[in-house]
Amino acid sequence: MSRRARASRGSRLPPAPGIEPGGVMLRERPAAVAVAAPPWARPWTLPVVREAALPSAAIAGAALLWALSLRHVPLDRMTDVGLVSVLPPTFFAALLLLTVSFCLSVQRRQVATPVLLLHLLLLIGIIHGTPAILYGTPRYSWVWKHAGIIDYILRHRSVNPNIDYLGAYHNWPGFFALGALLTQAAGFTTALSFASWAPWLFNTLFLGVLLLIFRALTTDRRLILLAAWFFVLTNWVGQDDFAPQALGYALHLAIVGICLCWLPAGPLNWPALERWPAGRLIAERLRRPPEALAARPAPTPVQQAALLVVVALFAVAIVSSHQLTPFMTILAVGALVVARRCGARGLPLLLVVITVTWVAYMAVAFLNGNLHWIIASIGTLNQNADSNLIDLGQASPGQAFVAVVDRLLSAGIWGLALLGGIRRLKQGSWDIAAALLAVAPFPMLAANSYGGEMLFRVYFFALPFAAFFAAALLYPRPSFGPSLATAALSVVLSVLLLTGFVFAYYGKERMNYFTPGEVAAAEYLYGSAPDGSLLLAGSYNYPALFERYEEFDYVTFVSMPRDQRADLASDPVGLVAALMRQGHHPAAYLIITRSQEAHVDMTGLLPAGTLEHVERALRASPQFKVVYQNQDAVIFTLAPGAAGGPPPAAALPAPAAAGR
């Protein structure tokens with residue numbers, strides 16, 4: 001066809017859609033969008049079943065190996081590198097088999113999504129179910145304190161914001177009120193009955209919300225699932241236990257997911273930004289919707305209003321439960337609004353109003369006693385960050401090794417994220433939302449040290465998006481087909497991350513694990529000591545404060561001034577006797593447990609062997625009497641004839657206990 005003929009034919013083409021022949025603009029009707037059925041709703045044909053056979057067999061094999069590994073684990077032989085030191089080879093074989101199966105299967109489109117999700121669920125079950133099954137008692141000392149707050153609510157039907165000890169929990173009681181409701185509804189007498197399984201439950205919730213978030217960032221199933229896999233393998237900081245932080249984190253992720261998926265922004269209009277070529281490029285990228293949302297129908301105004309109500313309810317739950325999470329949510333949502341990845345422009349202001357209102361009216365008692373140090377810590381970035389890291393010179397060799405591993409693991413996932421972000425950018429993907437959400441928590445480092453944990457909380461809140469970019473290193477674009485090299489690299493990276501994880505996450509189990517003997521001693525003490533008693537301990541790292549906690553006074557050796565701690569070595573009998581005689585307590589007790597000894601020795605808070613030295617000295621002194629003992633704990637009180645000592649021996653019935 002000649003050029004003239006083509007031109008003539010072109011002149012007879014119909015007008016562009018939405019424009020009449022006369023040039024009048026018509027209102028464009030939205031085109032119908034064909035939404036593909038989710039993978040789990042598609043028919044299970046013979047090829048699909050055949051492709052699922054081998055991964056399913058690997059899942060079953062990994063589950064069997066895991067079950068076999070739990071039969072005989074000598075927890076009493078645990079060393080300073082934690083649970084890794086006593087787990088059998090079958091445990092690690094189960095993880096290796098599951099890892100290889102997942103990495104080979106995730107890139108095969110024929111493998112059904114539910115099969116891949118089973119890999120993730122089993123990984124969570126192995127990692128977080130193992131301590132719950134082996135120990136039979138809740139790990140982490142703070143879990144027992146959280147149970148104590150719930151016990152207080154169940155007994156008093158209220159909270160006390162002006163209470164002297166653990167007052168912050170009474171000023172932010174949302175999580176504990178929910179825990180009390182669940183405890184009572186289930187017919188339990190204490191939240192400790194189910195607290196051991198909280199890490200498994202919360203990590204399963206995290207997985208569900210993260211899949212929602214990642215689906216808003218990409219359409220590539222491989223990238224979505226591998227990012228979730230990397231998150232599980234690098235979430236080592238232990239903020240997923242029975243605690244307000246875990247609940248607040250799940251709700252925070254839910255708010256982020258709602259903003260990304262169902263509260264889209266309108267067209268960007270920044271004339272000042274578009275005056276420069278670079279500004280025009282940025283504006284163009286900001287106007288372009290994320291690839292995963294481009295084909296999705298936008299929610300109606302009624303649906304968006306309903307979603308905003310849900311977000312507000314989630315925000316109230318967060319603000320009433322946790323001090324830190326509301327500020328992380330404000331930073332995250334604010335970043336999305338500024339970058340035009342969330343259209344609810346007033347949402348950050350609403351979150352600020354809810355947070356300020358709670359703090360100003362419901363947490364006044366806490367602010368009255370703590371506002372000075374909160375203000376003093378603002379802007380001290382180096383001090384806030386340094387206070388989060390243990391002194392490797394004081395820690396035991398095993399703990400120093402664990403600390404190095406967890407730092408390498410954290411640096412490793414961020415290094416992979418940086419490389420993945422660069423590779424994805426080269427492929428033309430501007431993941432603005434993910435990048436902003438990855439860096440949004442970092443300003444909190446300049447705000448506060450958060451009791452020496454802010455660095456870990458920042459890592460925790462940024463981790464999902466670091467994991468997303470790390471997975472993008474392997475699957476930068478959906479057009480990248482499966483390859484043996486990519487699968488092999490994903491196996492290698494997963495094994496390296498998994499190796500770091502088991503040391504970082506399980507590395508403190510010698511002090512996080514409380515034996516049945518320690519629990520029995522603590523139950524005996526709290527169940528028998530008269531109200532107003534003084535309870536001494538080497539540290540709070542034992543099953544403490546889980547019932548009637550407000551009825552006692554507490555002193556620990558690690559919290560005493562440095563000169564008093566020095567007396568533990570030179571005159572432990574005189575120091576402990578003086579502490580027990582001070583004040584007007586009807587009784588005074590010193591409890592020393594295996595986990596306390598592990599805590600102070602591993603962290604270097606006291607010279608190695610200090611608590612054993614104190615125990616030997618008190619056993620040999622006629623001023624003290626042993627009122628309870630077993631293989632893992634001992635409880636001392638002043639002997640009835642000791643000068644100036646209270647007569648607590650009559651308050652505690654003598655138990656039949658094995659020698660320690």
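Colleague: Is Arg548 buried or exposed?
Modeller: Arg548 is buried, at a relative accessible area of 18%, where buried means under 20%, exposed over 50% and partly exposed in between, with a 1.4 Å probe and protein chains only. This is a predicted model, in which local features need pLDDT of at least 70 and side-chain atom pairs count only at pLDDT 80 or more, while totals for chains, interfaces and linings use all residues. Residues are numbered from 1 along each chain as its sequence is written, and side-chain values use heavy atoms, with hydrogens and water left out.
Colleague: Which side chain does Arg548 meet in a salt bridge?
Modeller: That of Glu551, at 2.7 Å from N to O; a salt bridge here is a side-chain nitrogen of Lys or Arg within 4 Å of a carboxyl oxygen of Asp or Glu. Glu551 counts as partly exposed because its relative accessible area is 21%.
Colleague: And how many salt bridges does the structure hold?
Modeller: Eleven, and among the residues involved, Asp151, Arg155 and Glu550 are linked in a network.
Colleague: Where do Arg619 and Glu615 lie?
Modeller: Both are in helix H26 (residues 610–620), four residues apart, or about one turn, helices being DSSP runs of H or I of at least four residues, numbered from the N terminus.
Colleague: What about Arg222, which partner does it have?
Modeller: Arg222 pairs with Asp220 in a salt bridge, their closest N and O atoms lying 2.9 Å apart, and both residues are buried.

How values were computed. Helix = DSSP H or I, 4+ residues; strand = E, 2+ residues; numbered from the N terminus.
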